[in-house]
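Here are my notes on the model you asked about. Have it open while you go through them.

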Amino acid sequence: MPAHPNRTLRTYSLLLLFIFLRPVGNLALAWGTKHFPQSLSVDPSVYLRAMLDPFVALGIAMLILSVLTRLALLSLADLSFVLPVTAVGYILATLFGQVFLHESVTAQQWLGTVLIFMGTALVGSTAHNTTKYEEASE
Amino acid sequence: MKWILLSIVVCATAASDILQSHEMKRAGEHSVGARGLVRLFQTIARRRMLILSIVCLAVSFFAFMALVQAAPLSFAVPASAASFIIETLLAKLVLKEQVGARRATGALLVLGGVLLLAR
């Protein structure tokens with residue numbers, strides 16, 4: 001697929017930014033909510049108070065930024081490319097859960113991590129925008 | 001409770017992703033530079049389906065916040081990726097993206113891994 005080099009560079013820069021923002025944002029959010037004294041339910045006032053917690057606020061800010069990054073990414077690449085590649089974020093979240101939140105991660109869960117990496121590598125080597133170049137490739 | 005929260009997260013995420021991808025493809029290329037961001041916000045304000053996708057995203061987010069508080073991070077995050085296979089199917093059926101054998105296999109491996117992680 002003869003994709004423009006700048007376009008490819010921009011796609012991968014946005015991808016890296018997204019892969020950083022999402023798991024770190026998730027970690028901050030988890031840290032904040034787990035240390036918050038009240039249980040989050042359907043009551044909006046509890047959510048509002050939880051959002052005043054600095055870790056929850058930081059997590060939300062990073063996750064909002066990751067959503068904007070992803071919107072830009074989706075304008076450059078297909079959803080079926082974006083979705084599996086950003087799965088790296090799920091692995092990082094599991095790692096952060098184990099390291100920073102002291103959660104137990106079993107051997108089976110690490111096997112899952114390896115499968116995710118394999119799947120990610122396979123998808124990452126394919127073309128990342130099929131709908132835009134339809135006419136050119138036919 | 002954790003499974004109810006998880007289903008809300010998964011369904012709302014899938015709806016939001018399909019709407020986002022559909023609308024952003026129609027809106028043309030965007031970036032997140034200083035000028036790019038302004039244009040991005042203008043696009044969001046102009047496109048109704050994009051606003052709906054953000055409502056779905058908000059619903060999934062608040063459910064996720066409650067999930068991440070109640071369940072371990074190493075469960076909440078991978079389990080919420082259960083929406084993957086639904087979304088890849090919708091990408092092919094609704095968005096008409098070409099999901100080739102390689103890409104489909106990759107997505108399936110990712111899904112298998114996510115299922116193992118979620119245990």
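The points below take chain A, then its interface with chain B.

1. First, the ground rules. This is a predicted model, where local features need pLDDT of at least 70, side-chain atom pairs count only at pLDDT 80 or more, and totals for chains, interfaces and linings use all residues. Residues are numbered from 1 along each chain as its sequence is written, chains are lettered from A and ligands numbered from 1 in the order in which they are written, and side-chain values use heavy atoms, with hydrogens and water left out.

2. Chain A is built from seven helices and zero strands (DSSP runs: H or I of at least four residues for helices, E of at least two for strands, numbered from the N terminus).

3. On confidence, chain A averages a pLDDT of 80, and 80% of the residues score at least 70 (pLDDT is the predictor's confidence in each residue, from 0 to 100). Watch residues 133-138 of chain A, where pLDDT stays under 50. Where pLDDT is low, the predicted coordinates should not be read in detail.

4. Now the partner: 53 residues of chain B are in contact with 66 residues of chain A (heavy atoms within 4.5 Å).

5. Which side chains form the salt bridge? They are B:Asp17 and A:Arg70, at 2.1 Å, N to O (the rule wants a side-chain nitrogen of Lys or Arg within 4 Å of a carboxyl oxygen of Asp or Glu). The rule finds one salt bridge across this interface. As for helices, α6(B) gives the largest share of the side of chain B that touches chain A, 12 residues.
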